[in-house]
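Subject: Structure for your attention

Dear colleague,

Please find below the structure that I am handing over to you.

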Amino acid sequence: MIKTIATKPYDDQKPGTSGLRKKVPVFQQENYAQNFIQSIFDSLEDFAGRTLVIGGDGRYFNREVIQIAIKMAAANGFGKVMVGKGGILSTPAASNLIRKYKAFGGIILSASHNPGGPTEDFGIKYNTSNGGPAPEKITDAIYARSRVIDSYKIFDAPDLDLDAIATLTLGDMIVEIIDPVADYAELMEELFDFPAIRNLFGLGFQMVFDAMSAVTGPYAKEIIERQLGAPEGTVRNFTPLPDFGGHHPDPNLVHAKELYDEMMSGDDAPDFGAASDGDGDRNLIIGRGIFVTPSDSLAVLAANAQLAPGYSKGIAGIARSMPTSTAADKVAEKRGIGMYETPTGWKFFGNLLDAGKVTICGEESAGTGSDHVREKDGLWAVLLWLNILAVRGESVEDIVTQHWATYGRNYYSRHDYEGVDSDAANGLMAALREKLPSLPGTKIGDLTVATADDFAYHDPVDNSVSKNQGIRVLFEGGSRVVFRLSGTGTSGATLRVYIERYEPDANRHNLETQAALADLIAAAETLADIRVRTGRDAPTVIT
């Protein structure tokens, strides 16, 4: 029943910051997915008889690859596979399952916030026994194996029925088809004050949650409407679709513009608006009349986490990715707790969380989470906001403006140049690196460069070093510009430019963000020659 199939390696299976992501037609090449999955198994040890979690965000090609992964797990000696019904598991729910049932690891099929469909994006990611993304030493081993692989093992059997909760067998391996929502919902009830949130809705609190036809829909429908009592219709676009309804499942101000416009419609707008992305690990938070940046959201959640039962004893520390604004740093400083700056990629938070050094983590790319799992968690962030709103009895705008008055405001924006020619993008970064030694002390307009570097991270837990994680140009007074190439796209390169200004004066907290950052935006252009090198007159997306 176990077949060994001869294959030839592909040279493009190097995982990025969160697994291997390519267009669907690339994954549909002969043995392409099989090669990568076998390379994962060949890079692991001592998993015979152990449990593997498998699931994905429901995007196009999800079901086909799940069937392949189940059969290959059986052929390679796993004792049990846990699969979400219909092949559905949000990324944070998969992390929770790995941790709760002490699984050896998990395979998550997703390309996160990227589009889905026959010609769009697909991805495969391996998570380890702590529930978090595989660290670089494992992803490097997977890539090395993928370059020389010559065969893979697969169980020869018909496809399994994934649409009914059941316990099946495939040779000696048990296949458990589970409710994808139940365990996750149970965890959320442990962390948050559900009675207080129910009371909030009972008082007429109005909310809109846009699941973007992606994986969070079933989770939000069950928790927000059925368990917390929000009116039916609160959760929109709640059925996961293979092409996300033709929309881009990225909860930002471009792709969730309809929600943003509704929240900015005046006194008749809902009290609270939120959205999540393709695989459920990102979030968008909007109050009536106010968009909360992911960086500010991280800071507000960290400052108020003790209002939720799961964090009533306080938090140990905060971690943020390097490009994320320093708003959370101000909270950590005032609270006297640890603050850690890491490279982009949730895997870098894993050691800090496992070591108990931090409780809450966040990235400017709309990812926020805590030590309850080892992934960012979109719905968790929404529920923590609801818990805070229920306890404080104030609006989102009041909570944010009071936060700024206490800690100062970090004006912050990210300018994305998507689909840039890879050679042009790499040339831009190389030219910036050459300038770094000469930048300190130079003036750009009225700004003076204080320091400039290529960020390197020294992990305080395992002492590993990750270099070339983004170019930072810091100006006198605390403002900064950061340049980085994203590792989450599937075609060309995405240049991300992060612009930040710290403003302690509460009388200057109501400026329009792009206006407040205008001199820094101009400085970024001067430093990097973006227009000339990319051929772009403006960013593709501004957030």
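Which residue in β26 is the bridge partner of Y412? The partner is E500. Before going further, please note that this is a predicted model.

As background, strands of a sheet pair through backbone hydrogen bonds, either parallel or antiparallel. Here, seven strands form an open sheet with antiparallel pairing, and their order is β20-β21-β24-β25-β26-β19-β27. At the edges stand β20 (443–444) and β27 (541–542), each of which pairs on one side only.

Helix α15 (residues 422–435) lies across β19, β21 (447–454), β24 (471–475), β25 (480–485) and β26. The helix runs at about 140 degrees to β25.

Strand β12 covers residues 272–276, and five of its five residues are buried. In a regular strand the side chains alternate between the two faces of the sheet. In β12 both faces are covered: F272, A274 and S276 are buried on one side, and G273 and A275 are buried on the other.

Two strands pair with β12. Strand β10 (residues 207–210) runs parallel to β12 and is joined to it by four bridges; within this pairing, F209 has A274 as its bridge partner. Strand β13 (residues 283–287) pairs with β12 in the antiparallel sense over five bridges, and I286 of β13 stands opposite G273. The hairpin of β12 and β13 has six residues between the strands, and G280 there takes a positive phi near 85 degrees.

Why does G273 count as buried? Its relative accessibility is 0%, and buried means under 20%. Leaving aside neighbours within four places in sequence, G273 is in contact with V208, L259, M263, L284, I285 and I286. By contrast, 38 Å separates the C-alpha atoms of G273 and A452, which are 179 residues apart along the chain.

Helix α4 (residues 91–100) is mostly covered, with eight of its 10 residues buried. Those buried residues are T91, P92, A93, A94, S95, N96, L97 and I98. At the start of α4, a side-chain oxygen of S90 comes to within 3.1 Å of the backbone nitrogen of A93. Just after the helix, K102 takes a positive phi of about 50 degrees.

In helix α6 (residues 182–191), the buried residues are D183, Y184, A185, L187, M188 and L191. They pack against α4, α7 (194–202), α8 (216–227) and α13.

Helices α10 and α13

Two packed helices are described by the angle between their axes and the distance between the axes. For helix α10 (residues 294–304) and helix α13 (residues 378–392), the angle is about 55 degrees and the axes are 11 Å apart. The angle makes α10 oblique to α13. The crossing in which α10 passes α13 is left-handed.

Which residues meet where these helices pack? From α10 they are S297, V300, L301 and N304, and from α13 they are W380, A381, L384, W385, I388 and R392. An α-helix has 3.6 residues a turn, so residues three or four places apart point the same way.

Yours sincerely,
A colleague

Technical notes:
Residues numbered from 1 in each chain as written. Predicted model: local features only at pLDDT ≥ 70, side-chain atom pairs only at ≥ 80, totals over all residues. Heavy atoms only, no water. Pairing = 2+ DSSP bridges. Contact = heavy atoms within 4.5 Å. Axes fitted to C-alpha atoms, helices over the stretch in contact; angles between N-to-C directions. Buried < 20%, exposed > 50% of the residue type's maximum accessible area, 1.4 Å probe, protein only. Polar contact = N/O pair within 3.5 Å; in protein donor to acceptor, adjacent residues only side chain to side chain. Parallel < 35°, antiparallel > 145°, perpendicular 65-115°, else oblique. Left-handed = near helix turned anticlockwise from the far one by under 90°.
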